[in-house]
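These are my notebook entries on a single chain. I record what I looked up, entry by entry.

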Amino acid sequence: MNAVELRDITFVRKGRRILDRVSWTIRQGEHWALIGANGSGKTTLLKIVTGYEWASEGSVSVLERVFGKCDIRELRKTIGWVSSSLESRLPHEDTALSIVESGLEATLGIYRRYSDAECFGH
């Protein structure tokens, strides 16, 4: 099973081509490190994989669910992404635990109380 499959994705923002015909497959069980210079498109690529940005061209599938044909809000609940690029979007008063809990609903910020069983699988 492919965890992530990007096929010839292009991303254009304000007339500027940020990503150009990128193809990338991550198979289940593989581990990757995404490295590159500032401004090279790393965060944009990850935002596309997590459904927070949409490719201008090409196709994206995560966990064999094709973007545009699945409920991206539900899919986000199965994707974990930790990045300093998200920090500015988090409520400053949130604790580390509430930030982790917000991932259960694929939100940035917590909007309901969670039980220990929901958070820790008890």
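I began with T44, which counts as buried because its relative accessibility is 10% (buried means under 20% relative accessible area, exposed over 50%, partly exposed in between, with a 1.4 Å probe and protein chains only). I noted that the model is predicted, that local features need pLDDT of at least 70 and side-chain atom pairs pLDDT 80 or more, while totals for chains, interfaces and linings use all residues. Residues are numbered from 1 along each chain as its sequence is written, and side-chain values use heavy atoms, without hydrogens and water.

I then looked up the contacts of T44 (heavy atoms within 4.5 Å). Leaving aside neighbours within four places in sequence, T44 touches F11, R13, I18 and L19. T44 belongs to helix α1 (helices, H or I, have at least four residues and strands, E, at least two; both are DSSP runs numbered from the N terminus).

Next I turned to the aromatic rings. A pair is described by the distance of the centres and the angle of the planes. I found 2 aromatic pairs (ring centres of Phe, Tyr or the six-membered ring of Trp within 6.5 Å; planes under 30 degrees apart are stacked, over 60 edge-to-face, the rest tilted). W24 and W32 are edge-to-face, at 5.4 Å centre to centre and 80 degrees between the planes. W24 is buried at 13%, whereas W32 is partly exposed at 49%. W54 and F67 have centres 5.6 Å apart and planes at 65 degrees, so this pair is also edge-to-face. W54 lies in the loop between α1 and β3 and F67 in the loop between β4 and α2, so the pair ties together parts 13 residues apart in sequence.
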